[in-house]
There are 2 protein chains.
Amino acid sequence: MADATARSVGEFGLIARVIDRLAGSPQVLLGPGDDAAVVAAPDGRVVATIDVLVEGVHFRRDWSTAYDVGRKAAAASLADVAAMGARGTALLVGLASPPDLPVAWSLELTDGLRDEAKLVGAPVVGGDVVRSETLVISVTALGDLEGREPVTRAGAQAGDVVVLAGELGRSAAGLGLLEAGAREGALVDAHRRPTPPYAMGPVLAIAGATSMCDVSDGLVADVGHIARASNVHVDLDAADELFLTGGEDHALVATLPADTALPAGVRVVGRVTAGDAVVTVAGQPAAGGWDHFA
Amino acid sequence: MADATARSVGEFGLIARVIDRLAGSPQVLLGPGDDAAVVAAPDGRVVATIDVLVEGVHFRRDWSTAYDVGRKAAAASLADVAAMGARGTALLVGLASPPDLPVAWSLELTDGLRDEAKLVGAPVVGGDVVRSETLVISVTALGDLEGREPVTRAGAQAGDVVVLAGELGRSAAGLGLLEAGAREGALVDAHRRPTPPYAMGPVLAIAGATSMCDVSDGLVADVGHIARASNVHVDLDAADELFLTGGEDHALVATLPADTALPAGVRVVGRVTAGDAVVTVAGQPAAGGWDHFA
């Protein structure tokens, strides 16, 4: 079976093998294998987000293992849940796969999804497997606000400080190294497998964050979402270009009232002021970020 | 702007235009435009399922309008929610799109998704838009069990009757006509835009369904899921081949205790007996159904 493919084991053979790799959890009331899953939503609300990863755009099979792609795909969605101040509870995964994709690749992808989701206690509860020329992975993450209000992008106030949890620029640096031929090292690994600070989402919400956002497109671009949604000006501290514009690290950026005692693990990277809803860096106009169709 | 493409308006331009087409609903506590949506889950549980549609596999742009593809994509996931006995509450949509896809196509797709979801009161609450050589649409549907237990595939009992809500064989007949060159007619439309009997999911649950399944791969194949999950034998009544093996109509098949007063709109199509977990048709071995990699 070492050379089995999606075509050779068939749709239902592949699904059965994937489900065998998964595990349950108390909040999963009905897991994979039926028409739909049933997941607990203890406070009567559910946080939900979807992210799509495409081979050649978000990952390359010659640069990343299937396991790393699974970790990265789960991280992209789970970071969005954390950015609302919520805790992830479940993942659903859609896999559009070339017929000749080795079954081993799909199973290692499953292991990566499962292990990343395990970091927050959010098992894979459902999925779909279909045929496609292009390898596309869709991950929906569900989450629990634990009774708190969601932290949106729209609540930043003049006078707030801008704070960061997690790393920035490392994924972009790793991508540059991969493009230059490197295949090993901490930065390369940071690109293959980002490490979002999931626990800091709820921590920042409890600390009183007025707005929060996952940094997936670059700090300037994602703080720009906060500036526009909150109709405030944001001035970021001077920093190197990769820190300001590198995407895919999935750090969390938030705004806090200036008199807030900073939680451990966050640092101030800018300030919110009244004014036009734009982002500046040390008072100078800033640009940058990732557009999928540019 | 009539010839605008994803590339010409950019990722965020496309997202803004899509969000403009959408509407809210009381159960949507936070709609599109943030890192994640927040949806009410009134009984403390959420039903969740994902389906993926791929151009050239599930639809052709020269056979179906973008609006029809949106209707069909939403229907596939919402029928899975209905098959649990639940009511749809929200959709999340991932669109992997070639850069030259006309913006008008994406917006008509959005309209189709929105209008199909409106049939059950489940607005589009979130999504993702990325670049891909192959056009792939992932739809996650969420649902509300309204305090009931989910109806799984695993509860069928010897002595139950097998009942059907909705049409079968029409989508497959329409596909055959499209392949033969037809471009109009009721069967062609049934393939382009299935009409699942959403309301019958909760109705069958309330009537005491012991198992239920959406017919997406063909009646024999999907009743086979019930037979295996419930470890029962199912004998279907004799019928024509398209009725028994045609997929994508998204009818609902369920089992009910034989003394149940049949709800309006359902008919008996077979019986559950003790015995090997296989499906027969009028006592004869049956085969058929769709495998994505066969």
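Trainee: In what sense do β4(A) and strand β6 of chain A pair, and over how many bridges?
Mentor: This is a predicted model, so keep that in mind. β4(A) and β6 (residues 136-144) of chain A pair in the antiparallel sense, over nine bridges.

Trainee: Which residue is the bridge partner of A:Arg87 in β6(A)?
Mentor: A:Asp144 is the partner of A:Arg87 there.

Trainee: And in what sense do β4(A) and strand β5 of chain A pair?
Mentor: That pairing is parallel, with seven bridges to β5 (residues 124-131) of chain A. In β5(A), A:Gly127 is the bridge partner of A:Val93.

Trainee: How does the chain cross from β4(A) to β5(A)?
Mentor: Through helix α3 (residues 103-118) of chain A. This β-α-β crossover is right-handed.

Trainee: Why is strand β4 of chain A largely enclosed by the rest of the structure?
Mentor: Eleven of the eleven residues of β4 (residues 87-97) of chain A are buried, so the strand is largely enclosed.

Trainee: New topic, domains. Into which domains is chain A divided?
Mentor: Domain 1 covers 6-144 and domain 2 covers 161-285. Their centres, taken over C-alpha atoms, are 26 Å apart.

Trainee: How many residues does the contact take from domain 1 of chain A and from domain 2 of chain A?
Mentor: The contact takes 17 residues from domain 1 of chain A and 17 residues from domain 2 of chain A. On the domain 1 side, helix α2 (residues 66-83) of chain A gives the most, with ten residues. By type, that side of domain 1 of chain A has ten nonpolar, two polar and five charged residues.

Trainee: Now the two chains. How many residues of chain A are in contact with chain B?
Mentor: 60 residues of chain A are in contact with 60 residues of chain B. On the chain A side, strand β3 (residues 45-54) of chain A supplies the largest share, nine residues. That side divides into 34 nonpolar, 13 polar and 13 charged residues.

Trainee: Which strand of chain B does strand β2 of chain A pair with?
Mentor: β2 (residues 37-40) of chain A pairs with β3 (residues 45-54) of chain B, antiparallel, over four bridges. A:Ala37 stands opposite B:Ala48 there.

Trainee: Last one. What is the strand order in the open sheet of seven strands in chain B?
Mentor: The order is β8-β10-β7-β11-β9-β12-β13 (chain B), with mixed pairing. β8 (211-215) and β13 (284-285) of chain B each have a single partner strand, so one side of each is left without a neighbour in the sheet. Helix α6 (residues 200-207) of chain B packs on the sheet, touching β7, β8, β10 and β11 of chain B.

Technical notes:
Residues are numbered from 1 along each chain as its sequence is written. Chains are lettered from A and ligands numbered from 1 in the order in which they are written. This is a predicted model: local features need pLDDT of at least 70, side-chain atom pairs count only at pLDDT 80 or more; totals for chains, interfaces and linings use all residues. Two residues are in contact if their C-beta atoms, placed from the backbone, lie within 7 Å. Helices (H or I, at least four residues) and strands (E, at least two) are DSSP runs, numbered from the N terminus. Ala, Val, Leu, Ile, Met, Phe, Trp, Tyr, Cys and Pro count as nonpolar, Asp, Glu, Lys and Arg as charged, and the others, Gly among them, as polar. Two strands pair if DSSP finds at least two bridges between them. Axes are lines fitted to C-alpha atoms, for helices over the stretch in contact, and angles run from 0 to 180 degrees between N-to-C directions. Domain bounds come from an automatic or database domain assignment. A residue is buried if 20 or more other C-beta atoms lie within 10 Å of its own, exposed if 12 or fewer, and partly exposed in between; C-beta atoms are placed from the backbone. A crossover is right-handed if, with the strands pointing away from the viewer, the path from the first strand over the helix to the second runs clockwise.
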